[in-house]
2 protein chains.
Amino acid sequence: MALSIEDMAVFCKKKGFVYPSAEIYGGIAGFFDYGPLGVELKKNLEDQLWKRFVRSRCDVVGIDGSIITNPKVWQASGHVDCFEDIMLECTKCHHRFRGDHMIEDKLNINAEGISKEDVDKLIKENSIKCPDCKSELGKANQFNLMFDTNVGPVGENTAYLRPETAQLIFTNFRLVQENARMKLPFGIAQTGKAFRNEISPRDFLFRVREFEQFEIEFFIHPKKTDDCPMINDVEAMEINILLENDKDHKKAKIKDLLSKKILSQWHAYWLGQFYKFFLDMGINPANLRIRQHVKDELAHYARACFDIEYNFPFGWKEIHGNADRQSFDLEQHAKHSKKDLSFFDEESKEKVTPSVIEPSQGIGRAMLAFMFDAYEDDKKRGNIVLKLSPKLAPVKLGIFPLVGNKEEVTKLAMKIYNGLKDDFACQYDKSGSVGRRYARADEAGIPYCITIDFDTLEDDSVTIRDRDTTKQERIKIAELREKIINLL
Amino acid sequence: MALSIEDMAVFCKKKGFVYPSAEIYGGIAGFFDYGPLGVELKKNLEDQLWKRFVRSRCDVVGIDGSIITNPKVWQASGHVDCFEDIMLECTKCHHRFRGDHMIEDKLNINAEGISKEDVDKLIKENSIKCPDCKSELGKANQFNLMFDTNVGPVGENTAYLRPETAQLIFTNFRLVQENARMKLPFGIAQTGKAFRNEISPRDFLFRVREFEQFEIEFFIHPKKTDDCPMINDVEAMEINILLENDKDHKKAKIKDLLSKKILSQWHAYWLGQFYKFFLDMGINPANLRIRQHVKDELAHYARACFDIEYNFPFGWKEIHGNADRQSFDLEQHAKHSKKDLSFFDEESKEKVTPSVIEPSQGIGRAMLAFMFDAYEDDKKRGNIVLKLSPKLAPVKLGIFPLVGNKEEVTKLAMKIYNGLKDDFACQYDKSGSVGRRYARADEAGIPYCITIDFDTLEDDSVTIRDRDTTKQERIKIAELREKIINLL
């Protein structure tokens, strides 16, 4: 039986991955605190993204914009006027629901981008009632998802908590391009918090009100979106793809999508790069697919958009969005700020406003996918094994003195711990039987455990145990560091 | 002539460290965006803190709490009622000022913790006028510094943006202690954003409305605050200390402070650890001091509090706070949540509410201190040299093909770049004279530059140049990686 999202939330709380925020006060819907294991997993995920897509690339640089910025940014981007969901309220119990979700749940159809008129119509036609008290639902309303606040001591200066990190990249586009002396094509990346006042947060980390994003805006000469010199890095990749008019996903190669011209080369490149990221971090390929947005879902300025979806127990759901936004955002900001955001491309000798590919990665959703993919209830062992990639695992090494309170053994174990802890996240654990310690390590996703025993005092060797196979190997202390570097 | 804070802001913008947020829209007071160099410097600083004080220690674990949490947290902590500054408003131009700062600026006295009655009295006695238009100032008022917002679709659920990360640690204290099976003494650390609606943000990154903190709450058996087994790590450290009743700081050893009983052993340990952190990251010891809070400054629950101050061009200012908060916070949350936040200490067989030492580190302020300390206008070279510690430097290595467009040289340079970029933050730069490239690297704080020239094709050697001394050394490519590891 598949693990439910509720079971996962219980497991995450019990092991110290994720807690309801301020649980001692009853929590607050849509907000979570990351515990000791969760914070490390999240950091590792963010660091892997940053390392791969920013630090290791000469064509991408990072920024870190503020959460509260000049509110004109959100007028220009369209968020003040249009960043809305459709809200339904029960006429009796006054519980509130998202209109599109209600239609999807009750009628089992894709309702993304549905109008409030259509929601009202479908509610009436199908006699849909309040799921909580079975009373009539009121008329659908628009509800803006941005949190607002006041800046300064007066209370007249409304500002917003950013609903996405992306816009901070567009507003800084010219400064970054000049400072970092970037030439087209190049990208600007950002990791950080974003906030959306969801009508009904649900599914644990999946739909929350405060979350972390990693976004890249990749700027390309508008005539060269089909001119990606690195396209051969992804062309031969086999992916699962659900096309616009298909019912089920099928296997295909990225070059098949390109030959059908359903996306540009640069778009295919970035979509492939992130698909590959999930595979490299250990996701089972059978649980991953790309879904093409249907026409109704597409924002008017987007040329194409694809989600990377994960096969959660509650269905295939988006864990990554990848849009071709053309030059919409830069043009909007140029118009509203009255600043010239085009620039002179030396190669083509043209002044252009670049076209943009936007890979947008939710950190919490990705983490949830990694947790589900790694979770295994091993009946033989009698405990959960969290088979996280060593790259993501919160703790890399468990260090266990086998005889917990024999001074010579603990002293040596502590020496080994001290020699490793600055370079690898280690956990020293001396309490309980070694079996109990292995079980705890399995549940925390620790990939390798090192035990120090009486024999170690004689043969200068320790046992290293593999989480996934439970195989144990005896190895000389002098060779331990090299061994660990090769394993991790 | 000392570099002013305004000059530093200009330099930071020009080089891509820090920009006014959304500058194309005129910015927004008290909010900043970090550019490509700034984001890396900030990440390095946060990573160094996390590595040293969390991952490398078996007695500290991390969490990452949400920015918006249950508002009861801020009622319990006292922030809803008491987190206020005194505001003065000009009766004519309506500009607003912080009362304590006005008194400090005009009368040159320490006004921390001053009452609004005393502000009014001093304003009157000294005929202090509006600094902007010279008109009368109105009566002093209290102003709460928390930003508020509404959670959920109604607008009736006021919540706050956290004004500090600390309280999220206290609210999660029991869950973390249980999950991570911690025993006293132990600490919980957190890095993250905090928000304060400052009446008048000023001094660039120094007094801002959105900022990053790294905080540790270190929990100790209340009877064992003078029983720190690691005290000898800091006792012999020489520090600059400004004591409560002194006018100037003087040199002393931490053990001198302990023998005068002005702080507990554990408090001294953590104060010393952070003082050492700044020195290890390259701060000139002459620019660092510890200041003991005077009695009036102390919160009623604090047993003692010390700041670490840096000698900025605008005076000695706090870059780190270190408070002995006793068991105040846990007791407040136990009272308000009606949850038992004491726990059974196995060693003493007592049920206790732990006493707390709180090292509180502002990331932006620390970064500003590192920038000032590193900045050197080298007249001989004719450029700025940013002598940041290699541990903090945003880019570690510059890779320069000496003859920018000779294909054999650039090919080899690119090969060397590709071999290093995944392990060290590298910048490949082939444009302009090598002198110009060195100057650019100096201004970005790049500690080492590697040049590849025609001779390299013959002798398999490159030149490595030291930013601080400008000394150049010829080294075999085969030995380059080892050399770099030793240097960084």
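Predicted model: local features only at pLDDT ≥ 70, side-chain atom pairs only at ≥ 80, totals over all residues.
Start with the contact between the chains. In chain B, 83 residues touch 83 residues of chain A. The area buried between chain B and chain A is about 6,900 Å². Carbon and sulfur atoms give 54% of that area. Three residues stand out on the chain B side. Ile24(B), Tyr25(B) and Arg55(B) supply 12% of the area that chain B buries against chain A, more than any other three residues.

## A nine-stranded sheet in chain B

Chain B holds an open sheet of nine strands. Their order is β3-β9-β10-β18-β15-β14-β13-β11-β12, and the pairing is mixed. The edges are β3 (60–63) and β12 (250–253) of chain B, each pairing on one side only. From one strand to the next, the twist averages 30°.

A helix from the other chain packs on this sheet. Helix α2 (residues 36–55) of chain A touches β3 and β9 (186–195) of chain B.

Strands of a sheet pair through backbone hydrogen bonds, either parallel or antiparallel. Within the sheet, β10 (residues 210–220) and β18 (residues 355–362) of chain B run antiparallel and are joined by six bridges.

## A covered strand, β21(B)

Strand β21 (residues 397–401) of chain B is mostly covered, with five of its five residues buried. Both faces are covered. Leu397(B), Ile399(B) and Pro401(B) lie on one side, and Gly398(B) and Phe400(B) on the other.

β21(B) has parallel pairings with two strands of chain B, β22 and β23. Three bridges link β21(B) to β22 (residues 426–428). There, Gly398(B) has Gln427(B) as its bridge partner. Five bridges link β21(B) to β23 (residues 448–452). In that pairing, Pro401(B) stands opposite Ile452(B).

Helix α1 (residues 5–15) and helix α12 (residues 363–374) of chain B have axes that come within 12 Å and cross at roughly 95°. That angle makes α1(B) roughly perpendicular to α12(B). From α1(B), the contact uses Ile5(B), Met8(B), Phe11(B) and Cys12(B). From α12(B), it uses Leu368(B), Met371(B) and Phe372(B). By class, the contact has seven nonpolar residues, no polar and no charged ones.

Leu386(B) lies in strand β20 (residues 383–386) of chain B. Is Leu386(B) buried or exposed? Its relative accessibility is 0%, so Leu386(B) counts as buried. Leaving aside neighbours within four places in sequence, its contacts include Phe11(B), Met371(B), Tyr375(B), Asp442(B) and Arg467(B). Met281(B) is 105 residues away along the chain, and its C-alpha atom is separated from that of Leu386(B) by 14 Å.

## Helix α5 in chain A

Helix α5 (residues 99–107) of chain A has buried residues, namely Gly99(A), Asp100(A), His101(A), Met102(A) and Ile103(A). The buried residues of α5(A) pack against β4 (84–89), β5 (96–98) and α6 (116–125) of chain A. Just after α5(A) comes Asn108(A), with a positive phi.

## Backbone exceptions

Most residues other than glycine have a negative phi, and most peptide bonds are trans. The table lists exceptions in this model.

| Site | Feature | Angle |
|---|---|---|
| Leu184(A) to Pro185(A) | cis peptide bond | omega near -10° |
| Leu184(B) to Pro185(B) | cis peptide bond | omega about -10° |
| Lys338(A) | positive phi | phi near 55° |
| His94(B) | positive phi | phi near 60° |
| Asn108(A) | positive phi | phi about 55° |

Where do the prolines lie? Pro185(A) is in the loop between α8 (173–179) and β9 (186–195) of chain A. Pro185(B) is in the loop between α8 (173–179) and β9 of chain B.

Lys338(A) lies between α11 (328–337) and β16 (343–345) of chain A. Its relative accessible area is 72%, so Lys338(A) is exposed. His94(B) lies in the loop between β4 (84–89) and β5 (96–98) of chain B. At 43% relative accessibility, His94(B) counts as partly exposed.

Methods:
Residues numbered from 1 in each chain as written. Chains lettered and ligands numbered in written order. Heavy atoms only, no water. Pairing = 2+ DSSP bridges. Helix = DSSP H or I, 4+ residues; strand = E, 2+ residues; numbered from the N terminus. Axes fitted to C-alpha atoms, helices over the stretch in contact; angles between N-to-C directions. Contact = heavy atoms within 4.5 Å. Buried < 20%, exposed > 50% of the residue type's maximum accessible area, 1.4 Å probe, protein only. Parallel < 35°, antiparallel > 145°, perpendicular 65-115°, else oblique. Nonpolar A, V, L, I, M, F, W, Y, C, P; charged D, E, K, R; others polar. Buried area = accessible area lost by both parts, 1.4 Å probe.
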